[in-house]
Amino acid sequence: QVQVVESGGGLVQAGGSLRLSCAISGGTTSHYTMGWFRQAPGKGREFVAGISGRDATPYYGDTVKGRFTISGDNAKNSVNLQMNNLKPEDTGVYYCAASILYLPRTVNEYDYWGQGTQVTVSS
């Protein structure tokens, strides 16, 4: 079964940048859409960004478009999320996930999930 591991979370000031990484084992990213979700305390899990392992098509949630960039490296079975101009409302636990579907945006369309990494943006 596919395992997913995120890393790179931390504390950053508003306006700063952070880069998250995600690697999978037990599978190859070329067979999946890889997505990032986040969850703030008391809120549901929100789609942030995704990328197709088949054709490298990236796509984003409305709240992060223009600030975040997702990229993938099928040779490393990994994806990255470059987060720029961070805002306090970006704070939350960020999860990496893999889906057998093409460019899904909802939680229930993803098959494998990482443990999450905390991102905290201070004002």
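These questions and answers cover a disulfide and a sheet in a predicted model. Local features need pLDDT of at least 70, side-chain atom pairs count only at pLDDT 80 or more, and totals for chains, interfaces and linings use all residues. Residues are numbered from 1 along each chain as its sequence is written, and side-chain values use heavy atoms, with hydrogens and water left out.

Q: Why is the link of Cys22 and Cys96 called a disulfide?
A: A disulfide is a pair of cysteine sulfur atoms within 2.5 Å. The sulfur atoms of Cys22 and Cys96 are 2.0 Å apart. The pair therefore meets the definition. The structure holds one disulfide.

Q: What makes this link left-handed?
A: The angle about the S-S bond is -80°.

Q: Which parts does the pair tie together?
A: Cys22 lies in strand 3 (residues 18–25) and Cys96 in strand 9 (residues 92–99), so the joined parts are 74 residues apart in sequence. Strands (E, at least two residues) are DSSP runs, numbered from the N terminus.

Q: Are Cys22 and Cys96 buried or exposed?
A: Both are buried, that is, under 20% relative accessible area (1.4 Å probe, protein chains only).

Q: How do you know that strand 3 pairs with strand 8?
A: Two strands pair if DSSP finds at least two bridges between them. Six bridges join strand 3 to strand 8 (residues 78–83), so the two pair. They run antiparallel. Ala23 stands opposite Ser78 in strand 8.

Q: Why do strand 1 and strand 7 stand at the edges?
A: Four strands form an open sheet in the order 1-3-8-7. Strand 1 (3–7) and strand 7 (68–73) each have a single partner strand, so one side of each has no neighbour in the sheet.

Key: Buried < 20%, exposed > 50% of the residue type's maximum accessible area, 1.4 Å probe, protein only.
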